[in-house]
Amino acid sequence: MKYSVRVRDARLEAVHKTIGPSPHCRIYSGAVPADCASAPRGEMLVEIKLPGNWLSAAHKGTKVSSGSWTGNAIASGDATCFRIESEEGCDVQGTAGGRDSDAELKLATKSAELVEGHVVTVETFTLKTGNA
């Protein structure tokens with residue numbers, strides 16, 4: 001099946017509305033779990049409370065991070081996985097990496113290595129819907 005841009009944008013807006021304002025972004029070491037219902041496999045490295053309007057408006061089947069996504073690392077390790085979590089639990093998960101990586105969540109640093117106590121900034125997070 002192929003969807004129009006209008007339908008893909010509407011799907012993304014529905015995801016954003018379902019998750020709601022100000023979820024948490026948790027970044028972990030370790031492999032990405034099989035699905036959102038599975039427990040994280042690594043150690044949580046940082047937790048960021050996202051701003052109320054944490055995603056831009058959908059445009060051509062894509063939404064990107066909006067506002068400041070910054071927190072302090074609570075542990076040291078390589079950021080490899082992230083989860084966006086609402087009060088209901090994990091809603092979105094995927095790969096995390098440095099700014100030059102092909103990860104869905106890119107840190108503002110070239111390296112994905114986080115150091116406990118250091119500030120961590122997400123440069124960009126991209127949520128896409130397929131079937132174009």
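Predicted model: local features only at pLDDT ≥ 70, side-chain atom pairs only at ≥ 80, totals over all residues.
A salt bridge here is a side-chain nitrogen of Lys or Arg within 4 Å of a carboxyl oxygen of Asp or Glu. Residues are numbered from 1 along each chain as its sequence is written, and side-chain values use heavy atoms, with hydrogens and water left out.

So, how many salt bridges does the structure hold? There are four. Side chains of opposite charge can pair when their charged atoms come close.

Let me start with glutamate 13 and lysine 63, whose side chains form a salt bridge at 3.0 Å, N to O. Glutamate 13 sits in helix α1 (residues 5–19) and lysine 63 in strand β3 (residues 62–64), so this pair ties together parts that are 50 residues apart in sequence. For those labels, helices (H or I, at least four residues) and strands (E, at least two) are DSSP runs, numbered from the N terminus.

Is lysine 63 buried or exposed? Buried, at 1% relative accessibility, while glutamate 13 is partly exposed at 32%. The cut-offs are under 20% relative accessible area for buried, over 50% for exposed, and partly exposed in between, with a 1.4 Å probe and protein chains only.

Next up is glutamate 85 with arginine 26, where the closest N and O atoms are 2.3 Å apart. Here, too, distant parts of the chain are linked: glutamate 85 is in strand β6 (residues 81–86) and arginine 26 in strand β1 (residues 24–28), 59 residues apart. Glutamate 85 is buried at 12% relative accessibility, and arginine 26 is buried at 17%. Both belong to a network of salt bridges that links Arg26, Glu47 and Glu85.

Then we have aspartate 100 and lysine 110, with closest N and O atoms 4.0 Å apart. Aspartate 100 is in the loop between β7 (89–97) and β8 (105–107), and lysine 110 in the loop between β8 and β9 (113–114), 10 residues apart. Aspartate 100 is exposed at 55%, and lysine 110 is exposed at 60%.

Finally, the cysteines. With a disulfide taken as a pair of cysteine sulfur atoms within 2.5 Å, the count is zero. Cysteine 81 is buried, at 2%, whereas cysteine 36 is partly exposed, at 26%. Thanks, everyone!
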